[in-house]
Amino acid sequence: MDKVLRCGHEWAIALTEQLDDSDLDDVYQCILEKALNGGTFGLWLNRTFVADLLPSFIYGNELVNSLEVESYFARAANLPLNQIFLTRKGLIVLPIRHKEKTFGMVCISSVGKFEDTLLVVLAYLSSVYINQLATLHHARLDPLTELLNRQTFEQKVVQIMAGAGFNQPRGGQPERAWFLAMIDIDHFKSVNDTYGHVIGDEVILMVAQLLKQNFRAEDYVFRYGGEEFATLFQCVSDTAAMQALERLREVVSAHRFPQVGRVTVSLGFVEVRDFCQVTSLVNRADMALYESKHQGRNRVTAFSALNVPESQLDDSDIELF
Ligand SMILES: Nc1nc2c(ncn2[C@@H]2O[C@H](COP(=O)(O)OP(=O)(O)OP(=O)(O)O)[C@@H](O)[C@H]2O)c(=O)[nH]1
């Protein structure tokens, strides 16, 4: 029993030391596999929590079907703290709780018999895991808009340039490419000067919400800084990307902001290719954005339409952060 508790302590430290959620996920899986010694397990997080994070944190679907997950969740949520239950399939269900809320559950299937202590340690480790996941997630968000922040932006671009996250074309559908768009609120200084910073912040928040609604769940929307946003999204072509961004521009322009009336945005975009640096890519999207500003604002420009000579693209010395 002491050994289980001692291991639990070491495992909890291992979990809290993970600074990246993919490592955290691996460590958590590895710990449970070790602790269960051959038993199998599945982890489910409830929908409200998952909507904020990534669905990939659900695994072990082969153990239970989705209807069973729903009914186990309902039971797990109604149990007193630190209680477990057995399902008709002989699975042990451990609710994962944090601050008296049930965030999810681990279902364990094993031929062996578990000691109560081990189950308590597993429930504890699962809640450490969830807590750490949530902490890592919140560190990636901008506090005002809850969009992804600028630090996360660079990581995502690097991942995408390295070939991660490309959707496989489904049956006969054309392959999609990633695009980066920079989006800037027009004449925002005059919003602040006329209505004050608090209203200015509300406008930033509302524009952020319109952006979020306009993109798909698998796209990324960032607050790049101040009144500037960035998005990484997938489309089949430059033309399709232009259409998507035009739609967004129109949505913002048609929206009536309660305190300030009409607000517009200017946009510039570029296809993500394997340029050597994130700065090269941002520089290209920025050039297109400046062209939109230069042409009178409230418009979208594709970098590909600018015909910039290669000599002007030597931006390898720019420091972004
Ligand atoms: N309220 C508020 N204002 C911000 C924030 N971050 C930056 N700003 C303001 O945003 C304004 C940006 O102004 P400029 O860069 O001159 O650009 P602009 O007025 O939007 O004009 P164009 O971009 O040329 O259309 C400045 O007044 C900043 O103080 C923020 O978080 N909240």
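Me: What makes β3 and β4 count as paired strands?
Reply: In this predicted model, strand β3 (residues 92–98) and strand β4 (residues 101–109) run antiparallel and are joined by seven bridges. Two strands pair if at least two bridges are found between them, so β3 and β4 qualify as a pair. One of the bridges links I96 to its partner G104 in β4.

Me: Why are β1 and β2 called edge strands?
Reply: The open sheet has four strands in the order β1-β4-β3-β2, with antiparallel pairing. Within this sheet, β1 (40–45) and β2 (85–86) each pair on one side only, and they are its edge strands.

Me: Which helix packs on this sheet, and which strands does the helix touch?
Reply: Helix α4 (residues 66–78) packs on the sheet and touches β1, β2, β3 and β4, while its direction makes about 120° with that of β4.

Me: How do you know that β5 pairs with β7 and with β8?
Reply: Eight bridges join β5 to strand β7 (residues 228–235), and seven bridges join β5 to strand β8 (residues 265–271). The requirement is at least two bridges, so β5 is paired with β7 and with β8. Both pairings are antiparallel; in β7 the bridge partner of M182 is A230, whereas D184 stands opposite S266 in β8.

Me: What makes β5 a mostly covered strand?
Reply: A residue is buried if 20 or more other C-beta atoms lie within 10 Å of its own. Eight of the nine residues of β5 are buried, and the strand is therefore described as mostly covered. For the chain as a whole, 31% of the 321 residues count as buried.

Me: Which elements give two or more residues to the shell around the ligand, and which residues come nearest?
Reply: There are 15 residues around the ligand, of which F188, K189, H197, G200 and G226 come nearest. The elements that give two or more residues to this shell are β5 (177–185), α7 (188–195) and α8 (197–214), and α8 provides the largest share, four residues.

Me: How many residues of the shell around the ligand are nonpolar, polar or charged?
Reply: Three residues of the shell are nonpolar, five are polar and seven are charged.

Me: Where do the two domains of the chain lie?
Reply: Domain 1 covers 2–138 and domain 2 covers 150–313, and their C-alpha centres lie 38 Å apart.

Key: Residues numbered from 1 in each chain as written. Predicted model: local features only at pLDDT ≥ 70, side-chain atom pairs only at ≥ 80, totals over all residues. Domains from an automatic or database assignment. Near = placed C-beta within 6 Å. Nonpolar A, V, L, I, M, F, W, Y, C, P; charged D, E, K, R; others polar. Contact = placed C-beta atoms within 7 Å. Axes fitted to C-alpha atoms, helices over the stretch in contact; angles between N-to-C directions. Buried ≥ 20, exposed ≤ 12 C-beta atoms within 10 Å, placed from the backbone.
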